[in-house]
Amino acid sequence: MKELQRRLESRPELASLWRELQQFDIDLARLLHAVPLRSGLEERILSRLAAQIANLSASASDDSRTSDTSESDVACDGQTLYTVECVHPKRRISRRAWVAAGVSAVCASLLGGVSLWLWQNRRRARPPSPIEIANEVARIFEQTLDQFGTGQPFNSNPPPAGARFSREVRLYLGSTITWRQVTVMAKTAVAFDITQPSGERGSLFVLNLNLPDFPSFPPYFPQLQTSRTSLGWWRESDLAYLLAVLGGPRVYQRFLKPPSPIT
């Protein structure tokens with residue numbers, strides 16, 4: 001329960017789903033209590049239950065006495081029996097048993113469907129891991145290099161509200177910045193394409209996601225490297241940042257402000 005409470009506090013959509021399930025239980029209980037009981041229903045149920053138990057006991061006694069009886073002993077005489085059902089007592093299944101089995105099967109199907117729906121929603125609600133997001137950003141960065149620097153100028157045309165440029169990124173005199181919208185993990189993000197005066201290129205991806213697994217400051221060494229790209233990630237308040245640059249760790253470090261001295 002502590003783990004559930006912690007996850008509900010950090011995920012508003014899970015908390016909303018949890019409240020909906022609780023409200024559903026409350027509504028269902030209220031509807032069940034609102035059904036009026038028919039007069040004499042309880043007495044009829046108890047009497048039929050007692051009769052059923054007596055029939056089962058009698059059937060068990062008959063079965064134990066006739067366990068060695070051959071099939072010919074219970075065969076019907078076609079000339080004398082016309083309306084009596086020719087079925088061995090062992091094979092006679094009551095109608096109530098069929099109804100109970102059907103109700104149980106329906107309940108089991110409903111329970112399985114609800115469980116599957118909750119499991120799928122839990123999978124959809126689970127936030128992606130940092131390495132999954134980083135791999136996706138690295139793939140987008142390398143596959144859209146032909147679009148690098150073709151977006152809107154940052155100074156004359158600001159990006160959408162909520163896409164703040166990180167103050168941890170280092171800019172030099174003569175650096176140029178443009179921005180473009182991309183799709184990362186089925187969510188719209190903003191990519192700031194940065195070209196340094198020395199010609200080094202990198203993109204700062206901004207996602208409007210609260211990812212508690214991201215560190216609160218940019219790492220000085222890249223956390224992911226491919227044959228062409230170095231990438232690191234961090235978060236600031238409710239925004240997630242991923243910096244992807246063309247080059248190795250030294251190029252990556254030149255895009256970040258130097259760490260502050262420890263007091």
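Predicted model: local features only at pLDDT ≥ 70, side-chain atom pairs only at ≥ 80, totals over all residues.
Local features require pLDDT of at least 70 and side-chain atom pairs pLDDT 80 or more, whereas totals for chains, interfaces and linings use all residues. Residues are numbered from 1 along each chain as its sequence is written, and side-chain values use heavy atoms, without hydrogens and water.

**Overall view. Secondary structure of the chain.** The chain contains six helices and seven strands (DSSP runs, numbered from the N terminus: helices, H or I, at least four residues; strands, E, at least two). From the N terminus, the order of elements is α-α-α-α-α-β-β-β-β-β-β-β-α. Of the 263 residues, 27% are buried (under 20% relative accessible area, with exposed over 50% and partly exposed in between; 1.4 Å probe, protein chains only).

**Close-up 1. Crossing of helices H1 and H2.** The axes of H1 (residues 2-10) and H2 come within 5 Å and cross at roughly 115 degrees (lines fitted to C-alpha atoms over the stretch in contact; angles from 0 to 180 degrees between N-to-C directions). Leu4, Arg7, Leu8 and Ser10 of H1 meet Pro12, Leu14, Ala15 and Trp18 of H2 (contact: heavy atoms within 4.5 Å).

**Close-up 2. Phe24 on helix H2.** Phe24 lies in H2 (residues 12-34) and counts as exposed because its relative accessibility is 51%.

Close-up 3. Thr178 belongs to S2 (residues 176-184) and, at 14% relative accessibility, counts as buried. Beyond its neighbours within four places in sequence, Thr178 has contacts that include Gly149, Phe154, Ala191 and Asp193.
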